[in-house]
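These are my notebook entries on one protein structure. I set down what I looked up and what I found.

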Amino acid sequence: MHGVAAMSDTDRALAKPKAPPAVMISWVALALMTTSSVASLRPAPTMAVYGLAAIFLYLVPAIIFLLPTSLVAAELASGWEGGVYKWVAAGISKPMGFLAVWCQFAMTIFYYPTLLGFVASTLAYVFNPALASNGVWTALVIVVFYWSGVFVSSRGTKGVAGLASGGLIIGTLIPGALLVFLGSVFLAQGNPSAAPMTAANLLPQWAGLASLVLIVNNFLSYSGMEMNAVHVSSLKNPAKEYPKSMFLAMGLVLLIFILPALAISWIVPAEELSLTAGVMQAFDAVFAQFNIQGLTPIIGIMLVAASLGGMLTWLAGPSKGLLLISREEGYLPPFLQKLNENGVQQNLLVVQGLVTTVIALGYALIPNVSSAYWIFSVITTQVYLIMYLLMFVAAIRLRRIDPDHPRGYRAPMLVGLAGVGFSASLAALLVGFIPPSQFGGQNPIVYFLIVAGGALGLGLLVPFLFYKLRKPSWKQPGQSDQPEQPDQSTQPEVTES
């Protein structure tokens, strides 16, 4: 003991175990990571309907939603570890933190049917293009592929993330660049554009509030920025490099979103465009112009492989964050907290799968596959927007009640940024209950009831019931349901997914 007491401060410092060196990344690398997680060809057909106005419809939400979300989430991530639950719990309250992480999880219940609806229509072009508008085929593909994903995820398969590591290149950049290149050649050969490309068409035609609904869907295209904000602390100079990274990412994302949408509008007339199969329609049409239609199935397989790889990578992510919080605070019943022998929250995935299966039947029951795809996309956006509303409020309150808390990055004009983001999110949430202009023939009351029932029921009512019915015995902090020594690498941890 005496020897320890006599140690000098230098000796003590040398005796301390050294922390592993932090892994630093460049701002360009962060921009590319952000681009790969946000950009996709999937929403292109939705905006191609509007031709040149797609530029406006993508640019507006990028300014009023993408930018505020990126900068505000960066400040929160650099000051409070643990994801959106910890941010909202610290800024507002633990129950609101649970609501935020629940919405982050619940939105995937509607997200996967839309993702797999795109897979079904794309896969149809590999076998029989007529299946792209067949609701039964779409529902079948959703059920089969989703439950296959649950099976793979529940096995605790290592390296699943590798299946999606090349998704940006295989399923987005190569097909997107090819589509834009051949579309440009198509126009250069003197073929007329299916959509007018004049200055008068830069703004979408105004059809009342229904015209604004298209912007709502683009909020979902940009969502997920809070996941990438956790890397802000890995930059050498976050204050200067993070804004540069986000502006570069925003530029790349806009190019990936806008150029393929325009290319589709050049080739496929709006009235013939399917919101789910539009990408393959465009490829099929342009390949026909160059007599290379044999490439259509290959492109379809590339798009499907990238989408399925992404689904497997993210399938268990949001549920892991919800699981850990629920075990600590007792928000979910023990049945939903159990882990299988591989350390995977299988019961939670199975229950999620049952709901997803019911939703998939909507494709078989709703006559128009495009209408079903649109409705489920809107519900996904509505649920996710609840989480963003809570995040913006938490950011403002934390800046006011805990201004001295160490933050690796401080967003400029945070109150104003968060105010813009909150207002845009709230407006998008409200506008989402209005049927879009291209679906004007539908009964608006039925549309409202479906969207409200899905978004408010799953996003607010279900977590409220879980919170009200919780019992002290539901708390299981630090416990594991694995039979022997658990592999720490498989234990659930808070994720930003």
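**Entry 1: the whole chain.** I note at the start that this is a predicted model. I looked up the secondary structure and found 21 helices and zero strands in the protein chain. The chain has 497 residues, and 54% of them count as buried. I then looked at contacts between residues at least 6 apart in sequence; 82% of these join residues at least 24 apart. The accessible surface of the chain is about 21,200 Å², and carbon and sulfur atoms account for 67% of that surface.

**Entry 2: helix α8.** I found this helix at residues 135–154. Its 20 residues reach 28 Å from the first C-alpha to the last, close to the 28 Å expected at 1.5 Å a residue. At the N-terminal end I found a cap formed by Asn134, with a side-chain oxygen 2.9 Å from the backbone nitrogen of Val136. I also listed buried residues of α8, among them Trp137, Val141, Ile142, Tyr146 and Val150.

**Entry 3: helix α18.** This helix covers residues 346–365 and also has 20 residues. I recorded a reach of 29 Å from its first C-alpha to its last, close to the expected 28 Å. Its buried residues include Leu348, Leu349, Gln352, Thr356, Ile359 and Tyr363.

**Entry 4: the nonpolar core.** Which residues touch the most other members of the largest nonpolar core? I found Trp102, Tyr222, Tyr242 and Ile264, in a core of 146 residues. Helix α19 (residues 369–401) gives the most to this core, with 22 residues. I recall that in soluble globular proteins nonpolar side chains tend to be buried together. I then followed Trp102 and left aside its neighbours within four places in sequence. Trp102 is in contact with Leu322, Leu332, Leu458, Gly459, Val462, Pro463 and Phe466.

**Entry 5: Glu75.** I located Glu75 in helix α5, which runs over residues 54–79. Is Glu75 buried or exposed? Glu75 counts as buried because its relative accessibility is 2%, and buried means under 20%. I next looked up the side chain of Glu75, which makes a polar contact of 2.6 Å with the side chain of Arg399. Not counting residues up to four places away in sequence, Glu75 touches Trp80, Arg399, Arg407, Tyr409, Arg410, Ala411 and Leu414.

How values were computed. Residues numbered from 1 in each chain as written. Predicted model: local features only at pLDDT ≥ 70, side-chain atom pairs only at ≥ 80, totals over all residues. Heavy atoms only, no water. Helix = DSSP H or I, 4+ residues; strand = E, 2+ residues; numbered from the N terminus. Buried < 20%, exposed > 50% of the residue type's maximum accessible area, 1.4 Å probe, protein only. Polar contact = N/O pair within 3.5 Å; in protein donor to acceptor, adjacent residues only side chain to side chain. Contact = heavy atoms within 4.5 Å. Core = buried A, V, L, I, M, F, W, Y, C linked by side-chain atoms within 4.5 Å. Expected span 1.5 Å × (residues − 1). Areas by Shrake-Rupley, 256 points an atom, 1.4 Å probe, with all protein chains shown as cover.
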